[in-house]
Amino acid sequence: MTIKQNTIKKFLVDNILYAVLLAMFVVLILISPSFLSLVVIRDILMQSSTRLIIALGCMFILIVAGADLSGGRVVGLAAVIAGSLAQAATYYNKFFPSIPELPVIIPVLIAVAAGLLAGFLNGIIVAKLKVNPFIATMGIALAVYGFNCLYFNLPPNNSQPLGGFTKSFSSLGGGSTFGIPNIIIIAVICAVIVYIFQKKTCLGKELFAVGGNIEASRVSGINVSLLLILAYSAAGALYGLGGVLEAARTGSATSNYGAGYEMDAIASCVVGGCSLSGGLGSVPGVVVGVLIFNVISYGLTFIGISSYWQNVFKGVIIIAAVALDVRKNRKAD
């Protein structure tokens, strides 16, 4: 096989998944040309914004060759905490009737801090107690969900869906600045910050080193435990922010918010080029991965295809992406 043929083959292997998805996008447009309207594109980007922030958190975990099954439950906890503290003073079913209307920054910071704490606990259990990441994060997921249900069931709320948010809080998910939805602006800012952290800071580069070869990192003097805790904590904080924005976007919150979001985040990261073996991952790739899944979900619903097919397509895409990842790693070895 010639060098040119090898180059073409490598290009096809690296990009065939995107070519198939692009073909699906074209098919959606052919079936329903209105799919390309500005309203549809705006809706897709708004729905993708919270998923992107959550996926960026997941990317930190995958880069250090970890795993996190608690992401969705942390999103739900943050949504409920933020929602319970962001209700208008005039709302008839206020979660905390005796607390006055709070500035929007307070529920946001408390919810993000709750997510960071959950991520920090994940990091401590994985880095210090040496518990397998799947088991550690599964345990935290159960504990977080249990705590969230207990909190959500406090009187006088008694597990009623939260609503009646202040205008300033709702504007985070539904408002706009210069015609651009605030939720999209926030997601872009998060993506830029994570990108700069990865590319321009020593800690960001050391995370890749840990994921690439943890033993070599230890020998070279890198504080592996600290970086693992940092990765899980950063992920938790981003999950928390994602939960805040999801509550603001939908105008509601329940203890079941975020269920399954961690799987979508992992899938988006893998499709976007993150390796399950660690050491690989990029913000642009994750952005593409998130958009791919949201275009599929929104598109199939838009043209009237059963939502059950979404899971079928997602499953096939995930398997294909992981198979390509395994093939690349095998060749690298």
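Reader: Where do Glu215 and Arg218 lie, and how many residues apart are they?

Author: In this predicted model, Glu215 and Arg218 both sit in helix H9 (residues 214-219), 3 residues apart, which is about one turn of the helix. Their side chains meet in a salt bridge, with 3.0 Å from N to O.

Reader: Is Glu215 buried, exposed or partly exposed, and what about Arg218?

Author: Glu215 is partly exposed, with a relative accessible area of 48%, and Arg218 also counts as partly exposed, at 36% relative accessibility.

Reader: How many salt bridges does the structure hold?

Author: The structure holds 3 salt bridges. One of them pairs Glu246 with Arg249, whose closest N and O atoms are 3.0 Å apart, and both of these residues belong to helix H10 (residues 224-250). Glu246 is buried, with a relative accessible area of 4%, whereas Arg249 is partly exposed at 30%.

Reader: And which residue does Arg51 form a salt bridge with?

Author: Arg51 pairs with Asp264, the closest N and O atoms being 2.7 Å apart. Because Arg51 lies in helix H2 and Asp264 in helix H11 (residues 261-271), the pair ties together parts that are 213 residues apart in sequence.

Reader: Switching to helix packing, at what angle do the axes of H4 and H5 cross?

Author: The axes of helix H4 (residues 105-127) and helix H5 (residues 133-152) cross at roughly 145° and come within 9 Å, and the crossing is right-handed. Residues making the contact include Ala118, Leu121 and Ile125 of H4, together with Ala136, Ile140 and Val144 of H5.

Reader: Last one: which residues make the nonpolar surface patch?

Author: Leu36, Leu38, Ile41 and Leu45 make that patch, which covers about 370 Å². Leu36 is placed in the loop between helix H1 (3-31) and helix H2 (38-63).

How values were computed
Residues numbered from 1 in each chain as written. Predicted model: local features only at pLDDT ≥ 70, side-chain atom pairs only at ≥ 80, totals over all residues. Heavy atoms only, no water. Patch = residues over 30% accessible without salt bridge, like charges linked within 9 Å, V, L, I, M, F, W, Y side chains within 5 Å. Areas by Shrake-Rupley, 256 points an atom, 1.4 Å probe, with all protein chains shown as cover. Salt bridge = Lys/Arg side-chain N within 4 Å of Asp/Glu carboxyl O. Helix = DSSP H or I, 4+ residues; strand = E, 2+ residues; numbered from the N terminus. Axes fitted to C-alpha atoms, helices over the stretch in contact; angles between N-to-C directions. Left-handed = near helix turned anticlockwise from the far one by under 90°. Contact = heavy atoms within 4.5 Å. Buried < 20%, exposed > 50% of the residue type's maximum accessible area, 1.4 Å probe, protein only.
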